[in-house]
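Visitor: I would like to learn how to read salt bridges in a model. Could you walk me through some?

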Amino acid sequence: MASNLDTLVTVFGGSGFLGRNVVRALAKRDYRIRVAVRRPELAGHLQPLGKVGQIHSVQANLRYPASVEAAMRDSHVAINLVGILTESGAQTFEAVQDKGAEAVAKAATAVGARMVHVSAIGADGNSPSRYARAKAGGEKAVASAMPSAVILRPSILFGPEDDFTNRFAALARLSPMLPLIGGGETKLQPAYVGDVATAVADAVEGKTRAGAVYELGGPEVLSMREIMKIILEITDRDRMLVSLPFGLAKLQSLLLQFAPGPFKLTPDQVELLRSDNVVSGAAKAAGLTLEGLGISPDSIEAIAPQYLWRFRPAGQFQRKNA
């Protein structure tokens with residue numbers, strides 16, 4: 001029987017938040033891993049996640065198909081994790097999440113490799129959000145180039161080093177109030193990054209249905225208001241929650257899109273918050289979920305205290321654990 005060591009998996013975007021967890025999950029299952037990133041010299045932190053020689057990095061930029069083709073040589077499986085939350089110069093949503101996904105699918109098809117493509121819940125070609133439209137375009141391009149490709153749509157991800165819970169915890173440390181765009185009524189189903197990484201590794205192992213679209217959400221559907229309260233409770237912060245109508249938020253985002261750190265807010269992000277981000281009833285009925293893969297998802301309340309404690313006021317962590 002062939003060993004996983006005989007399988008070369010090329011991970012596009014393997015140095016990012018989800019990417020690091022996917023590489024770790026694959027390494028534990030003894031796959032050989034090629035990490036394809038724009039700046040391989042900055043991906044050295046991935047080496048300790050596996051055995052000596054198990055993980056190596058190569059240069060690839062999804063905007064340049066030739067580099068993608070080179071990264072795919074001799075590969076058995078391609079994983080595309082590349083995505084951006086904000087646009088910058090040539091790194092547009094369409095170039096990266098639509099055309100870039102297509103480049104990976106075509107390169108994988110050319111070498112006879114299988115493909116796992118990570119998109120997002122909310123991908124919609126008719127969405128007012130450019131991010132969501134580009135995600136939908138990427139899914140369509142991947143399915144067209146490789147009908148057997150497995151598409152995974154996670155909800156918003158949380159975990160150490162995320163740009164979600166950490167962002168609001170940092171904002172709570174700096175500001176006496178937290179804005180709730182649209183009144184904080186938008187529903188999300190946050191998924192733990194480790195659970196989604198396990199799902200990706202399961203897809204590589206062939207535990208998913210070929211050509212299927214999975215929706216990956218956590219165990220709870222929460223409003224943004226409820227999530228903010230959980231973060232404030234974990235970090236021992238007493239902050240005012242202020243409702244901000246979508247129209248006013250959109251106006252403020254025209255300026256805040258240039259703000260640093262946790263204060264940054266783009267018009268496209270405001271548009272995304274107009275729609276709920278939860279697993280559909282159809283996906284649940286078809287078993288195309290984390291639970292359908294046999295994965296029991298972890299909640300924010302179970303995981304976030306393990307890393308958000310550092311945002312507590314000085315001395316709070318020690319007193320709580322004395």
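Guide: Gladly. A salt bridge is a side-chain nitrogen of Lys or Arg within 4 Å of a carboxyl oxygen of Asp or Glu. Here, Glu 271 and Lys 250 form one through their side chains, at 2.6 Å from N to O. Glu 271 belongs to helix 9 (residues 267–272) and Lys 250 to helix 8 (residues 246–256), 21 residues apart; helices (H or I, at least four residues) and strands (E, at least two) are DSSP runs, numbered from the N terminus.

This is a predicted model: local features need pLDDT of at least 70, side-chain atom pairs count only at pLDDT 80 or more, and totals for chains, interfaces and linings use all residues. Residues are numbered from 1 along each chain as its sequence is written, and side-chain values use heavy atoms, leaving out hydrogens and water.

Visitor: Is Glu 271 buried or exposed?

Guide: Buried means under 20% relative accessible area, exposed over 50%, and partly exposed in between (1.4 Å probe, protein chains only). Glu 271 is buried at 12%, while Lys 250 is partly exposed at 27%.

Visitor: Which residue forms a salt bridge with Lys 51?

Guide: Asp 30 does, with the closest N and O atoms 2.7 Å apart. Lys 51 sits in the loop between strand 2 and strand 3 (55–59) and Asp 30 in the loop between helix 1 and strand 2, so the pair ties together parts 21 residues apart in sequence. Lys 51 is exposed at 53%; Asp 30 is partly exposed at 28%.

Visitor: How many salt bridges are found in the whole structure?

Guide: The search finds 14. Another of these joins Glu 205 and Arg 29 at 3.3 Å, N to O, linking parts of the chain 176 residues apart.
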